[in-house]
Amino acid sequence: MIRFDKPAASAEDERILPLVNVVFLLLIFVMIAGEVISPDPLQTDPPYSAREGGTGTPETTVYLGVDFQIALGDMLVTEAMLAMLLHEKERLGTVRLKADGRVPASRVVTIMELLASSGIREVELVTVSEVPK
């Protein structure tokens, strides 16, 4: 009968095992604690303000791109479609409006009026803190 002896564990193998355990624990921590977010449907660079706005948790988000494109959630829509979709949702409280900083204020006001006419009670305009001088 042939007998195969188990090779003895080297000191190097014993030192690397705790390192492998720590790496796997860190990986699990990052996977659990990390937040996965989807990219915005329209690239927007929010306008600057004296204080940052848009920190709450609105029920839905409307995006207004620099080329006047409108997106509701992750779907590109027209103004008429936006009004129709918002009318279909009942009791929609707060809506976040994320407009590009290069969009004229008159256009942003037009969209805000459209939101108000659709029954939206509160519009939260997303801004970023003023650039330090």
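**A mixed sheet, its helices and its salt bridges**

In this predicted model, strand 2 (residues 60-64) and strand 3 (residues 70-72) run antiparallel and are joined by three bridges. Within this pairing, Val 62 of strand 2 has Leu 72 in strand 3 as its bridge partner. In general, the strands of a sheet pair through backbone hydrogen bonds, in either a parallel or an antiparallel manner.

The loop between strand 2 and strand 3 contains Phe 68. Although Phe 68 is not a glycine, its phi is positive, at about 70°. The relative accessible area of Phe 68 is 41%, so this residue is classed as partly exposed.

Five strands make up an open sheet with mixed pairing, and their order is 4-3-2-5-6. Strand 4 (75-77) and strand 6 (122-125) are the edge strands, each of which pairs on one side only. From one strand to the next, the twist averages 30°.

Two helices may now be placed against this sheet. Helix 2 (residues 79-88) lies across strand 2, strand 3 and strand 4, and runs at about 115° to strand 4. Helix 3 (residues 105-117) also packs on the sheet, where it touches strand 2, strand 3, strand 5 (94-99) and strand 6. The direction of helix 3 makes about 160° with that of strand 5.

Which residues of helix 2 are buried? They are Leu 82, Ala 83, Leu 85 and Leu 86. Viewed down the axis of helix 2, these buried residues fall within an arc of 170°, and they therefore line one face of the helix. An α-helix has 3.6 residues a turn, so residues three or four places apart point the same way. The cover over the buried residues of helix 2 includes strand 2, strand 3, strand 4 and helix 3. On the face turned away from the buried side of helix 2 are the exposed residues Ala 80, His 87 and Glu 88.

The discussion now turns to charged side chains. Side chains of opposite charge can pair when their charged atoms come close. The structure holds three salt bridges. One of them joins the side chains of Arg 107 and Glu 79, at 2.4 Å from N to O. Because Arg 107 lies in helix 3 and Glu 79 in helix 2, this pair ties together parts that are 28 residues apart in sequence. Arg 107 has a relative accessibility of 16% and therefore counts as buried, whereas Glu 79, with a relative accessible area of 29%, is partly exposed.

A further salt bridge connects the side chains of Glu 124 and Arg 96, at 3.3 Å from N to O. This pair links distant parts of the chain, with Glu 124 in strand 6 and Arg 96 in strand 5, 28 residues apart. Glu 124 and Arg 96 are both buried.

Asp 100 and Arg 102 also meet through their side chains in a salt bridge, with an N to O distance of 3.0 Å.

Conventions
Residues are numbered from 1 along each chain as its sequence is written. This is a predicted model: local features need pLDDT of at least 70, side-chain atom pairs count only at pLDDT 80 or more; totals for chains, interfaces and linings use all residues. Side-chain values use heavy atoms; hydrogens and water are left out. Two strands pair if DSSP finds at least two bridges between them. Helices (H or I, at least four residues) and strands (E, at least two) are DSSP runs, numbered from the N terminus. Axes are lines fitted to C-alpha atoms, for helices over the stretch in contact, and angles run from 0 to 180 degrees between N-to-C directions. Contact means heavy atoms within 4.5 Å. A salt bridge is a side-chain nitrogen of Lys or Arg within 4 Å of a carboxyl oxygen of Asp or Glu. Buried means under 20% relative accessible area, exposed over 50%, partly exposed in between (1.4 Å probe, protein chains only). The arc is that of the directions from the helix axis to the C-beta atoms.
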